[in-house]
Protein chains: 4
Amino acid sequence: MSEITETQSAWLDDEDLALVRDRVPMVYVEAVPVRVDDLGVVQQVGLLLRPMPDGTISRAIVSGRVNFGERVRDALLRHLEKDLGPLALPQIPPGIAPITIAEYFPNPDITGFHDPRQHAVSLVYVVPVEGDCEPSVDALTLTWHTPEEVTSPQLGQEMTIGHDRIVRRALAYAGRLDG
Amino acid sequence: MSEITETQSAWLDDEDLALVRDRVPMVYVEAVPVRVDDLGVVQQVGLLLRPMPDGTISRAIVSGRVNFGERVRDALLRHLEKDLGPLALPQIPPGIAPITIAEYFPNPDITGFHDPRQHAVSLVYVVPVEGDCEPSVDALTLTWHTPEEVTSPQLGQEMTIGHDRIVRRALAYAGRLDG
Amino acid sequence: MSEITETQSAWLDDEDLALVRDRVPMVYVEAVPVRVDDLGVVQQVGLLLRPMPDGTISRAIVSGRVNFGERVRDALLRHLEKDLGPLALPQIPPGIAPITIAEYFPNPDITGFHDPRQHAVSLVYVVPVEGDCEPSVDALTLTWHTPEEVTSPQLGQEMTIGHDRIVRRALAYAGRLDG
Amino acid sequence: MSEITETQSAWLDDEDLALVRDRVPMVYVEAVPVRVDDLGVVQQVGLLLRPMPDGTISRAIVSGRVNFGERVRDALLRHLEKDLGPLALPQIPPGIAPITIAEYFPNPDITGFHDPRQHAVSLVYVVPVEGDCEPSVDALTLTWHTPEEVTSPQLGQEMTIGHDRIVRRALAYAGRLDG
């Protein structure tokens with residue numbers, strides 16, 4: 001949910017985007033960046049600190065729109081590179097199905113996932129990241145947290161629009177939702 | 001990919017639909033209807049015979065658009081009821097993640113999934129169906145096929161736009177792609 | 001982890017079972033019984049109250065060993081019928097892969113899943129149950145709980161050997177781990 | 001299904017192994033090694049040429065037993081290193097659930113997966129491999145094949161005991177079962 005500054009998109013200007021957002025759900029991809037050990041066990045989850053669609057500055061996972069004509073994997077790589085920098089070396093998984101989906105609505109009561117701007121259906125992937133991450137201009141910082149930390153009430157409060165629930169689903173998928 | 005006659009949709013008139021289809025990917029749900037035995041083993045796959053977006057009359061799985069403001073599960077049930085009738089008793093699975101996704105493009109060479117009308121990202125589910133199926137006006141017939149039949153070259157030729165590949169992925173997921 | 005009284009097994013007597021338990025991991029199946037609505041949304045999770053391998057009487061999911069020569073689906077149905085009664089009408093899912101695995105060890109520190117008797121690798125499935133449940137002699141009662149209740153600290157304390165974590169993974173899979 | 005020469009196992013001597021194999025299902029892990037591009041798209045599947053439990057020399061995926069006290073991920077890494085060499089750099093996935101399971105029986109008619117020695121339940125993972133592979137003494141060679149090649153009738157005939165079906169399930173999972 002991060003293309004606040006993505007209006008440079010060659011595919012869609014602001015007016016057109018506003019127009020379609022009132023008419024159909026948007027397709028999004030979201031990635032939970034993780035550090036894993038040699039056995040594939042998740043050691044840390046990466047969170048960006050960034051402006052969010054609900055107007056807050058919050059911790060967040062990688063997120064962004066799929067453009068017209070763009071494959072899901074291309075969108076994933078584009079947003080990972082945009083948010084984590086060109087040296088992050090994300091390992092996009094071979095499986096094509098997302099681990100979960102998140103349905104964002106302008107009305108926060110429908111699913112709990114909330115995006116005042118639009119109805120968005122997000123395909124969520126867990127993406128191991130091996131390289132050095134340099135968050136983009138949009139994101140203020142990137143911090144890494146153990147599964148215990150990232151599911152703590154304190155960090156939970158620093159996430160909005162439902163990203164804390166996506167992180168817990170990702171940890172459950174990885175067998176690391178221990179708390 | 002079936003809302004050829006869905007222009008009665010309260011959500012979007014034809015002009016608006018044409019407009020957004022040129023600008024963003026559409027969100028679709030697709031369901032592979034299956035008959036299962038008491039152990040959950042897939043015995044048969046259901047195929048509709050219907051007009052397809054590529055202009056053919058072909059065998060097809062259940063397919064349709066997710067409307068603005070509509071949850072994925074609601075869209076799944078709506079299209080299942082529309083295509084299989086009100087007595088089909090579909091068992092929409094408790095898992096929220098699709099078993100696979102299919103990415104349809106106007107250009108058939110990008111993924112092999114082809115929709116001349118639009119770019120669509122489809123969330124695919126396998127849905128056991130227990131009740132009596134009465135295909136809607138759109139669909140001419142519904143026929144049930146064993147895993148062996150449905151992966152035969154003959155039936156494969158009767159499916160277009162990539163539905164044969166989705167059926168094979170569904171059977172692989174079910175452990176029933178034996179051929 | 002429930003065959004405390006399963007020594008009537010035709011396949012393996014107590015002495016043989018003790019012998020193999022020291023030498024190889026056992027194969028288990030576990031099922032999280034759920035009530036779903038017409039859209040497939042999990043409304044309730046079923047928990048048994050029963051004697052557990054750690055010596056406690058605790059809340060637990062359906063669990064049991066896969067016998068020599070028995071298919072996983074047959075073992076699932078057998079344990080579901082044993083624990084929930086013959087009228088439960090469990091809907092074993094068409095997908096053959098478990099939603100998660102749990103690895104039980106005599107040493108509770110390896111994975112947190114703990115079985116003093118053995119090393120067991122459990123394949124976990126989420127199983128919608130439509131019919132009337134009558135828990136077997138082994139289980140004292142079966143109770144149904146909303147996702148909110150079943151993840152509460154109170155009910156969490158009533159589960160041992162790691163079943164609370166399996167329930168949370170099942171809810172995450174279903175998109176219902178909201179807390 | 002490869003520990004023909006694994007009798008050096010510290011955990012279980014031949015006599016004990018024979019004894020337990022008649023009494024309980026064995027836990028196995030199997031890995032489909034893949035080469036992926038930057039987008040995570042599977043480009044090639046790796047197949048070993050090796051002695052198989054059915055007495056043939058055939059193409060095969062990585063396969064082996066989980067020892068008593070050993071975690072699934074440790075067994076996966078051990079068998080990957082044994083079969084692909086110490087420089088293969090396998091990327092064991094963060095998700096703990098296998099993509100599918102295979103149930104091997106002495107009777108080839110039950111599931112089609114056949115192991116004359118035992119009943120084995122195998123947890124199957126797709127594992128991207130980045131490094132240089134040097135197959136072990138057990139395996140004669142390791143060869144890489146495109147999805148098209150590996151699903152061809154010719155290569156299918158060079159696989160036994162069901163490994164061709166596992167490869168197809170892995171490709172379906174990856175969205176690459178195109179044939």
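**Conventions.** I number residues from 1 along each chain as its sequence is written, with chains lettered from A and ligands numbered from 1 in the order in which they are written. As the model is predicted, local features need pLDDT of at least 70 and side-chain atom pairs count only at pLDDT 80 or more, while totals for chains, interfaces and linings use all residues; side-chain values use heavy atoms, with hydrogens and water left out.

**Entry 1: chains A and B.** I began with the contact (heavy atoms within 4.5 Å). Here 34 residues of chain A touch 34 residues of chain B. I then looked up the buried area, which is the accessible area (1.4 Å probe) that two parts lose on being put together, summed over both. For chain A and chain B I note about 2700 Å², with 73% coming from carbon and sulfur atoms. On the side of chain A, R23(A), V24(A) and F68(A) supply 22% of the area buried against chain B, more than any other three residues.

For charged pairs I used the salt bridge rule (a side-chain nitrogen of Lys or Arg within 4 Å of a carboxyl oxygen of Asp or Glu). The rule finds two salt bridges across this interface of chain A and chain B. I noted the one between R23(B) and D16(A), whose closest N and O atoms are 2.8 Å apart.

I next superposed the copies by least squares on the C-alpha atoms of residues with pLDDT of at least 70 in both. A rotation of 180° with 0.0 Å of shift along its axis brings chain A onto chain B, at an RMSD of 0.0 Å. V20(A) is the residue of chain A that comes closest to this axis, its C-alpha lying at 2.8 Å. I record that 100% of the interface residues of chain A are also interface residues in chain B, so the copies meet through the same surface.

**Entry 2: chains B and D.** This contact takes eight residues from each of chain B and chain D. The area buried between chain B and chain D is about 810 Å², and carbon and sulfur atoms give 42% of it. In chain B, the residues losing the most area to chain D are R168(B), R169(B) and L177(B), together 47% of what that side buries.

Two salt bridges are found across the interface of chain B and chain D. I looked up the pair R165(B) and D178(D), whose side chains meet at 3.1 Å, N to O.

Chain B superposes on chain D by a rotation of 180° with 0.0 Å of shift along the axis (RMSD 0.0 Å). That is the relation of a two-fold axis. In chain B, the C-alpha of A172(B) comes closest to the axis, at 3.2 Å.

Entry 3: Beyond residues up to four places away in sequence, V45(B) touches, among others, V32(B), W144(B), V167(B) and L171(B).
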